[in-house]
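Work through the following exercises with the model open. Each task is followed by a solution in steps.

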Amino acid sequence: MTHFGNYEDRVKNFSWAISEQELGYKPGQVINIGWYCSDRICQQGKADKVALIWEGFTGEKKIFTYNDIRLYSNTFAKFITDLGIKAGERVCLFMDRVPELYIGFLGILKTGCIVQPLFSAFGEESLFVRLENAETSAIFTQKKHVSKVRKIRDKLPHLKYIIIVDYDGKTPLQEREVAFSMEKSEKVEHYEIYPTYAETPSVLHYTSGTTGMPKGVKHVHYSLISQYITAKWVLDLHDDDIYWCTADPGWVTGTSYGIIGPFSLGVTQCVLDSGFSAEAWYRFIEKNRVTVWYSAPTAIRSLMKAGDEIIKKFDLSSLRHLASVGEPLNPEAVNWSIRVFGKPFHDTYWQTETGCIVITNFPGMPVKPGSMGRPFPGITATILNPGNHEPYPEPGRIGLIGLKPGWPSMMRTYWNNEEAYKNKFRNGWYLTGDRARMDKDGYIWFVGRDDDVINTGGHLVSPFEVESALLEHPAVAESAVVSKPDPINMEVVKAFVTVKPGFTASKDLELDIMNFIRKKLSPLAMPQEIEFVDSLPKTRSGKIMRRILHAKEWGEEIGDTSTLENE
Amino acid sequence: MDDLKEIIKNYVINEYLEPDSDPIDYDTPLISGGIVDSFSMVSLKRFLENRYNIQIPDDQATPEAFDSVNKIADLVRRFVKA
């Protein structure tokens, strides 16, 4: 029996108050995500229930009960408070998927500070622009990543503390560095949680746009109301489930549904801190008897590539419900999962800005392979005419996905960038930046992005950011960055480059530029291909025409070239 | 080809490891150990192709085949002409 039940009934009778009541929250009261995800579950009599099963790539395993999560998050919180860091300050988590990442997230929220999770594979430049923009006060990291912080700390006057969670004493601590061991510190039984309210900022996730630098999406503690009920109804999490979300908490899926959703429901979840390997993943499911699995199309396509034979080596019969997020899930992947697992992956659609799943294939409802599904109750989604931003009255038209603002986990602003926030709204609708169509049954089908942002493996990459970084390479004169199709990641980054006099295009130069971007920004932003060209297509006013290069890569019509420089 | 493993190991150390990282050996898990992710694997593959003048087909450039220096060396040897 699914939690969700009948779609029409749910839509008709829906109110966010359902979630508030289940959580025991009344408007105007204190609401703190850290407390709801640990102390409250213990008060429900589940203190000894397993909250987190963690496994490292070497096979090392750690198990934490809800009482452990409560105590260790208190320990984190007290440590932060003792450093003199005050509520409202930004505290960054820059770590692999170690237990400290999950528990520290809750600890930071208990202090009233704003938690800023950042993907540990970010290079120094990506890290710098995000810490600078947020004026971050402290960063928790591991010794393997601290060198990246050391390279930029002198440019970050607001950064007071660099906290190393696995310091081993082999090398001396440097300027502003502090050691903290979650498990070796004295456990804190009682911590006075900061009284946060519905609109108190909670999480700052950074996302990329077409132009400008990454934007910090500000969420508030009230987002819990959406994250709790969507985790329950869409992921269909029950009290006896073993849940695995493969997303990294450096991205919003890893926090909304890798921390807040499951922990607020008191569910047992497991985490594998390991790179991708089909065999390791299947073994992890078998060993932990995973029942609900939330993953991404890129991972699913990689599993498909690994073949069906390998699946026969494992007992995956525990799997009950499968869901996917990050980019459109192609019909082949849905049909493959039906064939090999006996059940479909349910596509879910949402963004960093929405904070929760907003459109989805619900458990128990027929899945239309290739469709992102139907709007969550309480979410008004439509297809807008791009010309006037009015909803199309009839199904089948391709337009912009628009959402009526007002659900609890909707972003409150972009950090220090109110103008960019306001630009996301037209005619009373939040513009997602995605194009789609709606069929006669109300299912929505993704068509493409409405801008130049590249969605690679479910992560957004700004072409502007990559182009800016490319210009810092000594050999690059000009560059243009577009997406190109990729069978696993849907699309990947491709750069067109002209070289400066004195440099010669070569395979070695291509590799040198690729590695330059990988280290400066991130592996995601690294061009998977660099095409050296004599010149780039430009308008007569000198603006590079990315769309021509994009069309070439995707085999599309080039369109109007009347403004092209050399036409 | 005698120093193949050492060349690969040194490249991984110089390109993918931060200064304070734990040392690696020929059997250290690179992909499953999170040292080289699937995106970065493309640059490692490109290095091998440039250095040894080979082409590694995408269907053989799997996470499993790139998961240690020893496995990568085995893969490269298959494509390098004797």
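**Exercise 1.** What distance separates the centres of domain 1 of chain A and domain 2 of chain A, taken over C-alpha atoms?

*Solution.* This is a predicted model, in which local features need pLDDT of at least 70, side-chain atom pairs count only at pLDDT 80 or more, and totals for chains, interfaces and linings use all residues. Residues are numbered from 1 along each chain as its sequence is written, while chains are lettered from A and ligands numbered from 1 in the order in which they are written.

Step 1. Take the bounds: domain 1 of chain A spans 7-436 and domain 2 spans 454-554, with domain bounds coming from an automatic or database domain assignment.

Step 2. Between the two centres, taken over C-alpha atoms, lie 30 Å.

**Exercise 2.** Describe the side of domain 1 of chain A that touches domain 2 of chain A.

*Solution.* Step 1. Domain 1 of chain A brings 24 residues to the contact and domain 2 of chain A brings 21; residues are in contact if their C-beta atoms, placed from the backbone, lie within 7 Å.

Step 2. Helix 7 (124-134) and helix 12 (297-306) of chain A each supply at least two residues of this side of domain 1. Helix 12 of chain A gives the most, five residues. Helices (H or I, at least four residues) are DSSP runs, numbered from the N terminus.

**Exercise 3.** Which helix of chain A provides the largest share of the side of chain A that touches chain B?

*Solution.* Step 1. The contact involves 24 residues of chain A and 21 residues of chain B.

Step 2. Helix 8 (146-152) and helix 16 (507-520) of chain A each supply at least two residues of the chain A side.

Step 3. The largest share, six residues, belongs to helix 16 of chain A.

How values were computed. Contact = placed C-beta atoms within 7 Å.
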